[in-house]
Amino acid sequence: MILDEQALFSDNQSITESCASENVLYLGEREIAFGTPVEVFIQITEDFDNLTSLGIKVQTSQDEDFDSYTDLTEQTISLDNLTKGAQSAIKFLPKGNLGYMRLYYTVTGTAPSAGAVLAGVSDGIQESFHNI
């Protein structure tokens, strides 16, 4: 798997309430959903506690302030899968890019006092044949 610091939405970002990713990516004003799939890699870097699940939305906007945005896709990860080292992926970014993209983390249940995420656009999610 290849990660680029400039393509990270979150770099060990602490999530203790619902919030946007610390970084917004500018992907240009073109559709990125065609051709080779653009994947988002997600890894838990610190165990979460308290919450029931963590929702992760991919959002896009025409401006980097996200005054107006569109949700492109969402994934929900349950607490039992929010342990350090656990990995997940959004296999492809869907059609609808407006130029800027971010992730939005939605905490369901009691707000966690611990938990952190590494997430970004990746070239080639690391999987073995055991995961297929």
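Tutor: Start with the elements: helices (H or I, at least four residues) and strands (E, at least two) are DSSP runs, numbered from the N terminus. Phe-66 lies in the loop between E5 and E6. This is a predicted model, where local features need pLDDT of at least 70, side-chain atom pairs count only at pLDDT 80 or more, and totals for chains, interfaces and linings use all residues. Residues are numbered from 1 along each chain as its sequence is written, and side-chain values use heavy atoms, with hydrogens and water left out.

Student: What is the average pLDDT of the chain?

Tutor: The average is 90, and 92% of the residues score at least 70. pLDDT is the predictor's confidence in each residue, from 0 to 100.

Student: Why is Phe-66 called buried?

Tutor: Buried means under 20% relative accessible area, exposed over 50%, and partly exposed in between (1.4 Å probe, protein chains only). Phe-66 has 5% relative accessibility, so Phe-66 counts as buried.

Student: What makes the phi of Phe-66 worth a look?

Tutor: Most residues other than glycine have a negative phi. Phe-66 is not a glycine, yet its phi is positive, near 55 degrees. Asn-50 also has a positive phi, of about 70 degrees, and is not a glycine. Asn-50 sits in the loop between E4 and E5.

Student: Why is Asn-50 called partly exposed?

Tutor: Its relative accessible area is 46%, so Asn-50 is partly exposed.

Student: Why are Tyr-26 and Tyr-100 called a tilted pair?

Tutor: Rings of Phe, Tyr and Trp (its six-membered ring) pair if their centres lie within 6.5 Å; planes under 30 degrees apart count as stacked, over 60 as edge-to-face and the rest as tilted. Here the centres are 4.8 Å apart and the planes make 50 degrees, which gives a tilted pair. Tyr-26 is in strand E3 and Tyr-100 in strand E8, so the pair ties together parts 74 residues apart in sequence.

Student: How do you know that the charged end of Arg-102 sits over the ring of Tyr-69?

Tutor: The rule asks for NZ of Lys or CZ of Arg within 6 Å of the ring centre and within 35 degrees of the ring normal. The charged end of Arg-102 is 5.3 Å from the ring centre of Tyr-69 and is listed as sitting over that ring.
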